[in-house]
Amino acid sequence: MQTDNIILIGFMASGKGRTARGLFRMTGKYAVDCDDLIESLCNMKVKQIFEEHGEAHFRQLEQLTADWIRLHLRNSVISTGGGFLNVNGFKQLGTIVYLHGDFQYIIDTLYAHPNAKKKIKKRPLLQNMNKAEELYQKRVPLYRQVADLEVSIEGKTTDTICREIVCGLKLCV
Ligand code: S3P
């Protein structure tokens with residue numbers, strides 16, 4: 001099924017949420033974040049869900065969220081968690097845009113943020129950087145396999161990234 005949603009994918013901390021908000025400002029498409037939906041549904045933070053119920057349960061919540069998106073969301077820009085692309089029916093959710101940066105670029109940018117500590121602490125799969133890098137290496141080919149468009153984030157402002165997405169998807173206003 002063809003929908004007019006834009007689905008943003010990419011590794012943890014690659015700026016999917018802020019890009020979704022930038023696209024909202026540029027296109028008027030409402031911006032929704034999958035982790036926010038899960039957190040409000042459960043009234044728990046992602047970190048707490050991992051700690052109390054385990055990663056497998058979190059993945060089930062991602063599937064529930066994907067099914068709901070497929071049925072109900074249109075004309076929206078949807079930022080996803082880094083592992084969301086593994087849900088069944090992912091390609092049917094909309095046009096998929098992969099935000100790519102090298103692992104070291106993403107981590108350096110994260111550490112340079114004033115809220116770095118908080119941003120790392122809230123992500124259970126970023127607690128061990130060696131494991132995170134392994135996960136990154138496994139994920140990149142998967143992101144590329146499902147993406148309709150790939151945009152490099154390196155050295156670019158959110159505005160530039162959003163403009164490249166708008167033009168790449170021929171949404172030029
Ligand atoms: C995850 C990424 C996180 C969040 C959860 C698992 C992953 O979202 O969904 O901690 O598997 O890569 P961000 O990509 O927004 O950090």
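Trainee: How many residues surround the ligand, and which are the closest?
Mentor: In this predicted model, 14 residues surround the ligand. The closest are Lys-16, Asp-35, Arg-59, Gly-82 and Arg-123.

Trainee: What about Lys-16, how far is its side chain from an oxygen atom of the ligand?
Mentor: An N or O atom in the Lys-16 side chain sits 2.5 Å from a ligand oxygen.

Trainee: And Asp-35 and Arg-59, what are the distances there?
Mentor: For Asp-35, a polar side-chain atom is 2.9 Å from an oxygen atom of the ligand. For Arg-59, the corresponding value is 2.7 Å, again from a polar side-chain atom to a ligand oxygen.

Trainee: Changing topic: where is Asp-33?
Mentor: Asp-33 belongs to strand E2, which covers residues 30–33.

Trainee: Is Asp-33 buried or exposed?
Mentor: Buried, and without a salt bridge. Arg-21 is the nearest side chain of opposite charge, 6.4 Å away, and a salt bridge would need 4 Å or less.

Trainee: Which side chain does Asp-33 make a polar contact with, then?
Mentor: Ser-79, at 2.7 Å, side chain to side chain.

Trainee: Now the largest nonpolar core: which residues touch the most other members?
Mentor: Leu-8, Ile-9, Phe-84, Phe-90, Val-97 and Ile-165, out of 43 residues in that core. Helix H7, residues 129–146, gives the largest share of this core, with five residues.

Trainee: What does Ile-9 touch?
Mentor: Leaving out residues up to four places away in sequence, its contacts include Lys-16, Phe-90, Val-97 and Tyr-143. There is also a second, separate core of seven residues, among them Val-46, Ile-49, Phe-58 and Leu-61.

Terms used
Residues numbered from 1 in each chain as written. Predicted model: local features only at pLDDT ≥ 70, side-chain atom pairs only at ≥ 80, totals over all residues. Heavy atoms only, no water. Helix = DSSP H or I, 4+ residues; strand = E, 2+ residues; numbered from the N terminus. Buried < 20%, exposed > 50% of the residue type's maximum accessible area, 1.4 Å probe, protein only. Lys, Arg positive; Asp, Glu negative; His and termini not counted. Polar contact = N/O pair within 3.5 Å; in protein donor to acceptor, adjacent residues only side chain to side chain. Core = buried A, V, L, I, M, F, W, Y, C linked by side-chain atoms within 4.5 Å. Contact = heavy atoms within 4.5 Å. Near = heavy atom within 4 Å.
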